[in-house]
Amino acid sequence: MRTLYLDCGMGAAGDMLTAALLELLPRPEEFVKRLNGLGIPGVTYHREQAEKCGITGTHITVTVDGHAEGEHDHEHDHHHEHDHEHHHHHSGMEEIGHLIGHLPVSEKVRADIRAVYDSIAQAESHVHGVPVTDIHFHEVGTMDAVADVTAVCLLMEELAADQVIASPVHVGGGTVRCAHGVLPVPAPATAYLLRDVPIYGGAIQGELCTPTGAALLRHFVTRFGDMPVMTLESVGYGMGRKDFPRANCLRAMLGETAAESGDVVELACNLDDMTGEGIAFAMERLLAAGALDVYTLPIGMKKSRPGVMLCVLCREEQREDMVHLLLRHTTTLGVRETRHRRYTLSRSQDTVNSPWGPVARKTSQGWGVRRQKPEYEDLARIAREQDLTLDQVRDGLK
């Protein structure tokens, strides 16, 4: 399973996430050109190399009309907060929605951007006690945040991870100054966005997780916890601008993990009065209904009768349907149930060329293991058509 792990030991901000994910791409400079071609009003993305505590990574700066604003100082100015002053131009959710609707991105990315921004607006609405429709965003801050959110959503689409796991989030400590005065860390909007997310503070005095970073994590992360066993493909370091005693970076790690499917149910029954044809038909119906596996075992039964144990592996939500099929298509009077913990390799399929045409190939990987083998039905078809043995066809694929 393709897995993205985010190490948030120094928090999370939109620019740090963007930079870390960019480093996972084979040609990040081309992706930056793509970002600059989106046409976000006045916005330009700048990518540069940066070093923190001897670690080299990437720093991303977003300029709006030539000025760097927003949360790229890692401690931000809370430009997302509701503001009743009118000497600056502000944008509401309607204007932001209009902007998002005109971005040249896929519908999935557009939906992701809207969802992240909606969560930020909901947080600000809750903190300030006003309706979402009354929340306004400073114009420069809006462009800056939209740039960060759009970049991360596009990068997530590009990386196409099957799951995103993140460490518990370090939020920092102390206080942060914003438009409304001095607030505790994490700031109220950030704290609201991090509900049900494992967070912690520490010796670092400062705001390490911003509202945009929190909203992005909340939207994309499948679960929070320790890094799973994974085979790494690439590692990216997204640098913040400030210097701390610890390397101020967010680390992104992309690799393969085993696809753990959790608990599975094994259903079994003993049969001593069915024909082989009847058992085969029952197995066929169980597999057609979506059973993970169906198999038989030879057993000895009462009165020294030889019998067959019919076993079915299925998911929890399939259990009742499978029990019904076993009782309907076999002569058993009862079904036993056992639960098992199952670990699997992730599986995919592609096509390779052979001297006799295309052949499907199956790939299984995870836990440091990678296996490939051609599809049997394709090998058998070619062997029949070409009057060859299966081994001759296999050798022809090498």
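Trainee: How many cavities of 30 Å³ or more does the count come to?

Mentor: Rolling a probe the size of a water molecule over the atoms shows where empty space is left. Here the count comes to 1 cavity of 30 Å³ or more, a cavity being a set of points, on a 1 Å grid over the protein atoms alone, where a 1.4 Å probe fits but cannot get out. This is a predicted model, in which local features need pLDDT of at least 70, side-chain atom pairs count only at pLDDT 80 or more, and totals for chains, interfaces and linings use all residues. Residues are numbered from 1 along each chain as its sequence is written, and side-chain values use heavy atoms, with hydrogens and water left out.

Trainee: Which residues line the largest cavity?

Mentor: The lining consists of L6, L17, V152, M156, L216, L217, F220 and V221, where lining residues have an atom within 4 Å of a point. Helix 7 gives the most to this lining, with 3 residues; helices are DSSP runs (H or I, at least four residues) numbered from the N terminus.

Trainee: At what angle do the axes of helix 10 and helix 11 cross?

Mentor: Two packed helices are described by the angle between their axes and the distance between the axes. The axes of helix 10 (residues 376–386) and helix 11 (residues 390–397) come within 9 Å and cross at roughly 110°; axes are lines fitted to C-alpha atoms over the stretch in contact, and angles run from 0 to 180 degrees between N-to-C directions. The two helices are therefore roughly perpendicular to each other, a class covering 65 to 115 degrees.

Trainee: Which residues of helix 10 and helix 11 meet?

Mentor: Y376, L379, A380, I382 and A383 in helix 10 meet L390, V393, R394 and L397 in helix 11, contact meaning heavy atoms within 4.5 Å.

How values were computed
Angles under 35 degrees count as roughly parallel, over 145 as roughly antiparallel, 65 to 115 as roughly perpendicular and the rest as oblique. On a 1 Å grid over the protein atoms alone, a cavity is a set of points where a 1.4 Å probe fits but cannot get out, and a pocket is an open set with protein on both sides within 12 Å along at least five of seven lines; lining residues have an atom within 4 Å of a point. Grid points are joined across faces, edges and corners, and a volume is the space filled by probe spheres set on the points.
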